[in-house]
Amino acid sequence: LTKRTVNNASAIVTVSNDLKNKMIEKGLNNQYTVISNIVDTELFNIPVDIKLTDTVRFIHVSSLDDTQKNVSGILRSFQKVYNQFNNTELIVIGDGPGRESLQEYSRELGLTESVHFLGEKTNFELVNLLQQASAFILFSNYETQAIVLIESLCCGTPVIATNVAGVREYINSENGVLIEPQNTQQLISSM
């Protein structure tokens, strides 16, 4: 059904070249146009006055689906960083069925004082949190294109992200660091 639908469509729009290429590899042939997710740059932008603090603040925003987003890997890595540098904190934004187990895992790791699960936020709240962060972390096992990654870049927040489809097209040495999926040692070093 999918193959017939795609092959007979007038055109197909994907959010990344990686997604387009994967679809073609699967035999989903058509004329493709790549249009990135869009960001409201009137809202998500570099702040005029940046308030410097002694705290190194990492932020993660997602659906908290651990299978895709590997939030537990972020927590394990952050624990190692926090044990060396106690002026760090991790802000976790989002909600989903895995939130309670991730919060419990954070407690088991002894991170109740340094990891803050804030739930879902409006775009107005999110932009403020992104602008205050030292770095945005995306430790996903796979992506098509995480819009929050682009929102972070628009806010001037450097990104630490996995070298997966939909991400590698946007992250380079000038705006962040690409690491391999599941490689907690690379994540720890990058943090």
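**Strand pairing, core and pocket in a predicted model**

Val 34 sits in strand 2 (residues 32–34). The model is predicted. Val 34 is partly exposed, with a relative accessible area of 33%. Asn 7 lies 27 residues from Val 34 in sequence. In space, the two are 17 Å apart, C-alpha to C-alpha.

Of its 6 residues, 6 are buried, so strand 4 is largely enclosed by the rest of the structure. In a regular strand, side chains alternate between the two faces of the sheet. Both faces of strand 4 are covered. Thr 88, Leu 90 and Val 92 are buried on one side. Glu 89, Ile 91 and Ile 93 are buried on the other.

Strand 4 pairs with strand 3 (residues 56–61) in the parallel sense, over 6 bridges. Within strand 4, Glu 89 stands opposite Arg 57. Strand 4 is also joined to strand 5 (residues 115–119). These two strands run parallel, with 4 bridges between them. Phe 117 of strand 5 stands opposite Val 92. Together with helix 5 (residues 99–108), strands 4 and 5 make a β-α-β unit, and this unit is right-handed.

Strand 5 has one covered face and one uncovered face. Val 115, Phe 117 and Gly 119 form the covered face. His 116 and Leu 118 form the uncovered one.

Nonpolar side chains in soluble globular proteins tend to be buried together. In this model, the largest nonpolar core has 24 residues. Phe 44, Ile 59, Phe 136 and Leu 149 have the most contacts inside this core. Several elements give two or more residues to the core: strand 3, strand 4, helix 6, strand 6 (135–138), helix 7 (147–154) and strand 7 (159–162). Helix 6 gives the most, with 4 residues.

Helix 6 (residues 123–132) also contributes to the largest pocket. It supplies the largest share of the pocket lining, 4 residues. The space in this pocket is about 450 Å³. In total, 19 residues line the pocket. Ile 50, Lys 51, Gln 131, Gln 132 and Ala 133 lie nearest its centre. By residue class, the lining divides into 8 nonpolar, 8 polar and 3 charged residues.

Asn 70 is placed in the loop between helix 3 (66–69) and helix 4 (71–84). Asn 70 is buried, and its relative accessible area is 4%. Gln 182 is found in the loop between strand 8 (176–179) and helix 8 (184–190).

How values were computed: Residues are numbered from 1 along each chain as its sequence is written. This is a predicted model: local features need pLDDT of at least 70, side-chain atom pairs count only at pLDDT 80 or more; totals for chains, interfaces and linings use all residues. Side-chain values use heavy atoms; hydrogens and water are left out. On a 1 Å grid over the protein atoms alone, a cavity is a set of points where a 1.4 Å probe fits but cannot get out, and a pocket is an open set with protein on both sides within 12 Å along at least five of seven lines; lining residues have an atom within 4 Å of a point. Grid points are joined across faces, edges and corners, and a volume is the space filled by probe spheres set on the points. Ala, Val, Leu, Ile, Met, Phe, Trp, Tyr, Cys and Pro count as nonpolar, Asp, Glu, Lys and Arg as charged, and the others, Gly among them, as polar. Buried means under 20% relative accessible area, exposed over 50%, partly exposed in between (1.4 Å probe, protein chains only). Two strands pair if DSSP finds at least two bridges between them. A crossover is right-handed if, with the strands pointing away from the viewer, the path from the first strand over the helix to the second runs clockwise. A nonpolar core is a set of buried Ala, Val, Leu, Ile, Met, Phe, Trp, Tyr and Cys residues joined through side-chain atoms within 4.5 Å.
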